[in-house]
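Here is a short report on a protein model. Look at the sequence and the structure first, then read on.

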Amino acid sequence: MKKTSMTDDDIALWMRHLASSPLEGPPLPDAQLVLWRAHAWDCAHRLQRVTRPLEVGGLLVMGVALVSAVLLLAWITGVAPQLWASRLFVFVTLGSVALMSAAAMLHVGAIRTIGLSLR
Amino acid sequence: VLSDEAFTDFYRQTAGDLRNYAARVLGNISKADDVVQEAYLRVLRHPPATGNPQELRAYVFRVVSNLIKDGWRREKRESTIRDMTTSPEDQRDGALRIDVRRTFLKLRVRDRQLLWLAYVEGETHREIASTLGLRENSVRVLLARARERLSNFLQGATTK
């Protein structure tokens, strides 16, 4: 069969046919749902702006506390190295490090949980 | 800023057309719904400085076009053809309807967008250029090529 070029009207007709064929799929979400999602996003965005400094602050506190503890230990070791011979001292030191780490993790985790639950 | 009532009216007036556009160009209704919803969320988050319904409509079509383009760049493959041609609804549909969709999906995304905006939305070259972020002169050339490619596909289908 010989090819003949399609006219603009042919293309328009074909496109109209395509546009008029029904779309399968679930119905469109209601406008209220889209509005609700937008409001929820806005709310989460604003809260995130509030919780972000707290999160960063928590990490900073954790870092400063860790560095301070290491410096303190180094100083104590220099001044009274015999303290490391005491099991109680080692136990208390390790316990303090564990408690500090747990507190820092809980702090950051709590802030993140709050942020996520509000999204 | 769009009030809730204004948005609801705007949504009801445009969502169907926008979904049709996105679904035909993407060839996948669920992706189209994601794109359309994201577009409306963007309109609500960053409403354009206009209350004119026509300008709002053009804006949301532009957002959808950009989302389609971005998504397409990410995927870099034409998996959508498979999505459309293997749906159970298609198997029930007449052969002509399937061919219409399949043929359209053979075109490049840009061609689909151009043809849809020109022939279904009835946009002028200038409006298409604004929607797709192209120059007006480029639209004229690209649209002619898209028409030619569609014509070739259609004639190829009819001569088989």
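Where is the place of Arg147(B) in chain B? Arg147(B) sits in helix α9 of chain B. Helices here are DSSP runs (H or I, at least four residues), strands are DSSP runs too (E, at least two), and both are numbered from the N terminus.

This is a predicted model, where local features need pLDDT of at least 70, side-chain atom pairs count only at pLDDT 80 or more, and totals for chains, interfaces and linings use all residues. Residues are numbered from 1 along each chain as its sequence is written, chains are lettered from A and ligands numbered from 1 in the order in which they are written, and side-chain values use heavy atoms, with hydrogens and water left out.

**Chain B**

Chain B has nine helices and zero strands. Chain B has 160 residues, and 49% of them count as buried (under 20% relative accessible area; exposed is over 50%, partly exposed is in between; 1.4 Å probe, protein chains only). Chain B exposes about 8000 Å² (Shrake-Rupley method, 1.4 Å probe; for residues, only the protein chains shown count as cover). Carbon and sulfur atoms supply 47% of that area.

**The interface**

The size of an interface is often given as the accessible area lost when the parts come together. Chain B and chain A bury about 3400 Å² between them (accessible area lost on being put together, 1.4 Å probe, summed over both). Of this, 69% is on carbon and sulfur atoms. In chain B, Tyr11(B), Gln37(B) and Tyr119(B) lose the most area to chain A, together 17% of what that side buries.

The contact (heavy atoms within 4.5 Å) involves residues of both chains:

| Chain | Residues in the contact |
|---|---|
| Chain B | 35 residues |
| Chain A | 31 residues |

The rule finds two salt bridges across the interface of chain B and chain A (a side-chain nitrogen of Lys or Arg within 4 Å of a carboxyl oxygen of Asp or Glu). Five helices of chain B, α1 (4-26), α2 (29-45), α6 (95-106), α7 (109-120) and α9 (136-159), each supply at least two residues of the side that touches chain A. The largest share, ten residues, comes from α1(B).

**Back to Arg147(B)**

Arg147(B) meets Asp8(A) in a salt bridge between their side chains (3.4 Å, N to O). Arg147(B) is partly exposed, with a relative accessible area of 26%. Leaving aside neighbours within four places in sequence, Arg147(B) is in contact with Asp8(A), Ile11(A), Leu115(B) and Tyr119(B).

Technical notes: Buried area = accessible area lost by both parts, 1.4 Å probe.
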